[in-house]
Amino acid sequence: MKKYVCKVCGYIYDPTVGDPDSNVAPGTPFEKIPDTWVCPVCGVGKSDFEPME
């Protein structure tokens with residue numbers, strides 16, 4: 001599973017960790033996160049993330 005990085009603040013979403021504070025379970029691919037999810041650091045939406053190379 002790919003990691004995704006926030007283009008605004010640099011936060012890295014790691015699917016092996018998930019985002020427990022937002023009820024995103026470990027093992028959740030970025031594509032399966034609800035569209036209402038926002039970056040836990042700066043608050044932007046999923047459209048402001050890009051896959052890491």
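**Exercise 1.** Classify K3 as buried, partly exposed or exposed, and identify how its side chain pairs with that of D14.

*Solution.* Step 1: K3 has 38% relative accessibility and counts as partly exposed; the class lies between buried, under 20% relative accessible area, and exposed, over 50% (1.4 Å probe, protein chains only). The model is predicted: local features need pLDDT of at least 70 and side-chain atom pairs pLDDT 80 or more, while totals for chains, interfaces and linings use all residues. Residues are numbered from 1 along each chain as its sequence is written, and side-chain values use heavy atoms, without hydrogens and water.

Step 2: K3 and D14 form a salt bridge at 3.9 Å, N to O (a side-chain nitrogen of Lys or Arg within 4 Å of a carboxyl oxygen of Asp or Glu). K3 precedes β1 (4-6) and D14 sits in the loop between β2 (12-13) and β3 (49-51), so the bridge ties together parts 11 residues apart in sequence. Strands here are DSSP runs (E, at least two residues), numbered from the N terminus.

Step 3: D14 is buried, at 19% relative accessible area.

**Exercise 2.** Determine how many salt bridges the whole structure holds, and describe the pair D35 and K46.

*Solution.* Step 1: The search finds two salt bridges. Step 2: D35 and K46 meet at 3.7 Å, N to O. Step 3: D35 is exposed at 69% relative accessibility, whereas K46 is buried at 14%.

**Exercise 3.** State which residues V24 touches, not counting those up to four places away in sequence.

*Solution.* The contacts of V24 are Y13, G18, D19, I33 and W37, with contact meaning heavy atoms within 4.5 Å.

Conventions: Helices (H or I, at least four residues) and strands (E, at least two) are DSSP runs, numbered from the N terminus.
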